[in-house]
Amino acid sequence: MRVLLVGAGGMLGSAVRRAAPSASELVALRHADLAVEDARAVAEAVRRERPDWIINCAGYTQVDRAEAEPEAAQRVNAEGPANLARAAHQTGARLLQISTDYVFDGTATRPYREDDPVGPLNVYGRTKLAGEQTVQEILPRSHLIVRTQWLFGEGGRNFVATILRLARERSELKVVNDQHGRPTYAPDLAGALWKLIAYDARGTVHCANEGEATWFDVATAAVGAAGLRVRVEPCTTTDMPRPAPRPAFSVLDCARYTTLVRSPMQPWAAGLAEYVRRTNRLTA
């Protein structure tokens, strides 16, 4: 199986590259090698490599900055997937597109299923949804959209890394306790993506580590796992306003993933503990 990985230099792309099965023939391209917003370059790369699968880990993921840079987010998150989908259609490849819980408005009272109504609250969510819709239109029978959330891991900026840094600089942290999701460890998600490809999954699949949490829960667990002595206090979203509004409840229902691959991902706390251990070793 020949796989073209786009966005291979980011946090998730790096994890996908490391988790690649030995039987796969992987071509990994970073943004410097291929910018997904460049339609001609994308068409040429896909034509040259002739992959069976394309995994798109490229994305404009700076949620707050996207409010001030909607055109930049649109180019990467919406036009980029469209370019890849058109190239996949021309060569017969299948496309795995990464998406987000931020396509939902957060008003649900139970975890979101794949077919629940969408209603993004911010530019990032709207551009990711536009990318989903374009991929579905161009590749109605050969796409796989994987929505995930609250990603953390090595090789990129993330909430857990920020908390650990601040915990070493301050004596007290205030963290939002009224936003709910499923924290997801990048290496766990990477392994899940390869499983979905192995099972030839299609359509939309929600994929995240097991267990629900708030950002306060994640921060408390991270500080505890790192053995740092800092006071972590809960606060509300209103107490800490951000440029981009966030959904209050965006927990993903991952039952379809579990059914497809016959096992769930590990609990988020286990992934967090592993990440903290690896981070401590690297900084020791």
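1. The model is a predicted one. Helix H4 covers residues 70-91, and its 22 residues should span 32 Å at 1.5 Å a residue. The C-alpha atoms at its ends lie 31 Å apart, which agrees with that expectation.

2. Where in H4 does a kink lie? The kink is at Glu 79, shortly before the proline Pro 81, and amounts to about 35 degrees. After H4 comes Gly 92, which has a positive phi, near 85 degrees.

3. H4 packs against helix H5 (residues 123-138) at an angle of about 15 degrees, and the two axes are 8 Å apart. Angles under 35 degrees count as roughly parallel, and H4 and H5 are therefore roughly parallel to each other. The crossing of H4 past H5 is right-handed.

4. On the H4 side, the residues in contact with H5 include Pro 70, Ala 73, Gln 74, Asn 77 and Ala 78. Pro 81 of H4, the proline that the kink at Glu 79 shortly precedes, is also among the residues of this contact. H5 contributes, among others, Val 123, Tyr 124, Thr 127, Lys 128 and Ile 138. By class, the contact of H4 with H5 comprises 11 nonpolar, 6 polar and 2 charged residues.

5. H4 also packs with helix H2 (residues 39-49), here at an angle of about 35 degrees and with the axes 9 Å apart. H2 passes H4 in a right-handed crossing. From H2 the contact takes Ala 39, Val 42, Ala 43, Val 46 and Arg 47, while H4 supplies Asn 83, Leu 84, Ala 87, Ala 88 and Thr 91. The residues of this contact of H2 with H4 are 7 nonpolar, 2 polar and 1 charged.

6. A further pair is formed by helix H6 (residues 159-169) and helix H8 (residues 215-226), which pack at about 55 degrees with their axes 10 Å apart. That angle makes H6 oblique to H8. H6 passes H8 in a right-handed crossing.

7. Which residues make the contact of H6 with H8? H6 brings Phe 159, Val 160, Ile 163, Leu 164 and Ala 167, and H8 brings Trp 215, Val 218, Ala 219, Ala 222, Val 223 and Ala 226. This contact of H6 with H8 has 11 nonpolar residues, no polar and no charged ones.

Key: Residues are numbered from 1 along each chain as its sequence is written. This is a predicted model: local features need pLDDT of at least 70, side-chain atom pairs count only at pLDDT 80 or more; totals for chains, interfaces and linings use all residues. Side-chain values use heavy atoms; hydrogens and water are left out. Helices (H or I, at least four residues) and strands (E, at least two) are DSSP runs, numbered from the N terminus. The expected span of a helix is 1.5 Å times one less than its number of residues. The bend at a residue is the angle between axes fitted to the seven residues ending there and the seven starting there. Axes are lines fitted to C-alpha atoms, for helices over the stretch in contact, and angles run from 0 to 180 degrees between N-to-C directions. Angles under 35 degrees count as roughly parallel, over 145 as roughly antiparallel, 65 to 115 as roughly perpendicular and the rest as oblique. A crossing is left-handed if the near helix is turned anticlockwise from the far one by less than a right angle, and right-handed if clockwise. Contact means heavy atoms within 4.5 Å. Ala, Val, Leu, Ile, Met, Phe, Trp, Tyr, Cys and Pro count as nonpolar, Asp, Glu, Lys and Arg as charged, and the others, Gly among them, as polar.
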